[in-house]
Amino acid sequence: MTAGPVNVLVASPLEPEHVERIAAVDPRISVLYAPELLPVPRYPADHTGVPRDLSAADQDRWSDLLSRADVSFDFDWRAPGQMPVSCPRLRWVQATSAGIGGFLGRTGLADTPIVFTTAAGVHGVALAEFTLLGLLYFAKDVPRLARWQAARHWELHAVGQVAGTRAVLVGLGGIGRQVARLLAAAGVEVTGVGRPGRAYDVPGVSSYLADTELDSALPGADALVLACPLTDRTRNLVGARQLRLLPRGSVLVNVSRGQVVDEDALVDALRRGHLGGACLDTFATEPLPADSPLWGMPSVLVSPHSASTVATENRLITGLFADNLRRWLDGAPLRNTYDRASGY
């Protein structure tokens, strides 16, 4: 059990009621929160925001809060890579994102002794709903309906259905589990793809393959859903060969990271009409460049990396953090501890 007071820095905007929930976890907790020094949120649960132009005095105030933090809710918005120096007492950071491997690598924080926990599981339901939306969007040919509505055109026609189709789901963590549950409830047969040598028991998944066997599952798939973390193992996991193996007219949904897919090969498969559609929340370069051909493709649904963000996100993340704080104080294992070896 941790003895003595623990200074908890709230380093990204959070509603007062959630700050109070953090403080209420234990009398030993002292919350350091100065919202006037943090970026201005652009929408609910915005953990990036618009940086403030702080005066020298306010810069000093923020530096003082950093220097006193034992635990931090989110990263320093000014210079996250400098946290080992600016936060000499810091022992643990609770991230607000599920996928932090790339960020920790870019900032050098992965090479520090600081403990990191992710928000894995918090965004699962929202991303599962987005995945189902993507499958329905193309099965019901929403792009054609939108064109016909704009033209006031009435024409009887037939559409597809999601029930009875087959999906290959890559990634069986917190997000993948929610995707599998929702797709199975919609009548989709789900084949789960995970790491070799691991045993999985995911509700909604009817069969399992190792990611080394991914190619063998693709010819029988109506949809390929990517819900895996970005690691050295998954970078460019889906390239031209994998896209060719998918049946003509199949759909790709990406709620993982853009770098899991070879974007040039994806554009080519869409241009040739081999893929029936792509529902994308993440991209190789973000924001998606204005000259990207993906913008103008009717067979693509572009989401600006926002499918996971819901108005209740801060409540969910705070609940996870509060539980982890209790565990931290009691000396119990934390939930969602970042594994440097696996990259997530």
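Visitor: Which side chain does a polar contact of 3.2 Å join to that of Gln 94?

Guide: A polar contact is a pair of N or O atoms within 3.5 Å, where, within protein, one must be able to donate a hydrogen and the other to accept it, and residues adjacent in sequence count only if both atoms are side-chain atoms. Here the side chains of Gln 94 and Asn 324 are joined in this way at 3.2 Å, and the side chain of Gln 94 also reaches the backbone oxygen of Thr 118 at 3.1 Å. This is a predicted model, in which local features need pLDDT of at least 70, side-chain atom pairs count only at pLDDT 80 or more, and totals for chains, interfaces and linings use all residues. Residues are numbered from 1 along each chain as its sequence is written, and side-chain values use heavy atoms, with hydrogens and water left out.

Visitor: Is Gln 94 buried or exposed?

Guide: Buried means under 20% relative accessible area, exposed over 50%, and partly exposed in between (1.4 Å probe, protein chains only). Gln 94 has 0% relative accessibility, so it counts as buried.

Visitor: How is the packing of two helices described?

Guide: Two packed helices are described by the angle between their axes and the distance between the axes. The axes are lines fitted to C-alpha atoms, for helices over the stretch in contact, and angles run from 0 to 180 degrees between N-to-C directions. Helix α5 (residues 124-139) and helix α7 (residues 174-185) pack at about 45 degrees, with axes 8 Å apart; helices (H or I, at least four residues) and strands (E, at least two) are DSSP runs, numbered from the N terminus.
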